[in-house]
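Hello,

Here is the structure we talked about. Please look it over; my notes follow below.

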Amino acid sequence: MLDLLVKGGWLTIPIMLCSVAGLGIFLERLLRYHRLQVESDGLLDAVIRAVAAGDFGRARALTDTNSTPMGRLLASGVSVCCKDRSILETVLNHATEQEINALSRRLPALATIGTITPLLGLLGTVVGMIKAFMVIEEAGCRVDASLLAGGIWEAMLTTAFGLAVALPVLIAHAYLLSKVSAIESRLEFGSVQLMKTLSGYTRNTGEDVRDGKTRAS
């Protein structure tokens with residue numbers, strides 16, 4: 001294998017570096033998602049019950065002490081409780097986007113690695129083919145078929161290496177994206193539940209809620 005890497009030319013070096021970087025990113029993100037607790041057990045239900053009962057002080061207490069993504073999301077919503085649904089929706093969407101952006105760190109880099117490694121391999125093949133045909137030109141009429149074949153297969157090594165790195169990297173990227181999408185769906189569900197509960201509360205009571213207090217509309 002080492003001999004093949006050497007014969008592949010100097011462009012196999014960045015390809016191998018990309019493979020190491022891709023593996024590192026995948027393992028780091030995989031461990032991060034494995035350890036992540038999206039929400040504490042029963043947090044969403046407890047907050048929804050408190051809001052539905054008009055106990056905004058308890059809702060704030062539950063979310064302010066919770067460091068999970070769902071806890072931070074609900075805290076941002078409870079802190080700006082008001083009858084204006086558009087404001088609440090904007091705040092919750094922004095909070096969700098912040099959480100997803102944090103979880104998606106390094107995933108664009110992984111996608112980039114999956115994109116550029118085949119191109120690096122193709123570049124190596126083109127460079128190798130140019131060198132092979134230069135040798136053939138110098139040989140003139142004394143062209144040896146084995147020389148031509150040897151130059152071509154060595155030139156194509158970098159394309160093989162590039163594809164060998166890109167395929168698992170792209171699969172890993174798709175897998176990690178599915179993890180992030182599942183978390184995003186859960187956060188969006190929490191946002192919708194909070195907005196529905198707050199809308200129902202203010203519609204039934206005719207009260208506006210800010211800073212944990214109620215004001216008659």
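Start with the helix pair. H5 crosses H6 in a right-handed sense. This is a predicted model. H5 covers residues 69–78 and H6 covers residues 85–103. Their axes lie 9 Å apart, at an angle of about 155°. That angle is over 145°, so the two helices count as roughly antiparallel. On the H5 side, the contacts come from Pro69, Arg72, Leu73, Ser76 and Gly77. They meet Leu88, Val91, Leu92, Ala95, Thr96 and Glu99 of H6.

Next, H2. This helix runs over residues 12–35. From first C-alpha to last, its 24 residues reach 35 Å, close to the expected 34 Å. Its buried residues are Thr12, Ile15, Cys18, Gly22, Ile25, Arg29 and Tyr33.

Two of those names come up again at Thr117, a residue of helix H7 (residues 107–139). Thr117 has a relative accessible area of 0%, so it is buried.

Now confidence. Mean pLDDT for the chain is 83, and 80% of residues reach 70 or more. Among the elements, H2 has the highest mean, at 94. Strand E2, residues 213–216, has the lowest, at 46. Over residues 208–217, pLDDT stays under 50. The model still gives that stretch 27 contacts beyond four places in sequence.

Best wishes

Definitions and conventions. Residues are numbered from 1 along each chain as its sequence is written. This is a predicted model: local features need pLDDT of at least 70, side-chain atom pairs count only at pLDDT 80 or more; totals for chains, interfaces and linings use all residues. Side-chain values use heavy atoms; hydrogens and water are left out. pLDDT is the predictor's confidence in each residue, from 0 to 100. Helices (H or I, at least four residues) and strands (E, at least two) are DSSP runs, numbered from the N terminus. Contact means heavy atoms within 4.5 Å. The expected span of a helix is 1.5 Å times one less than its number of residues. Buried means under 20% relative accessible area, exposed over 50%, partly exposed in between (1.4 Å probe, protein chains only). Axes are lines fitted to C-alpha atoms, for helices over the stretch in contact, and angles run from 0 to 180 degrees between N-to-C directions. Angles under 35 degrees count as roughly parallel, over 145 as roughly antiparallel, 65 to 115 as roughly perpendicular and the rest as oblique. A crossing is left-handed if the near helix is turned anticlockwise from the far one by less than a right angle, and right-handed if clockwise.
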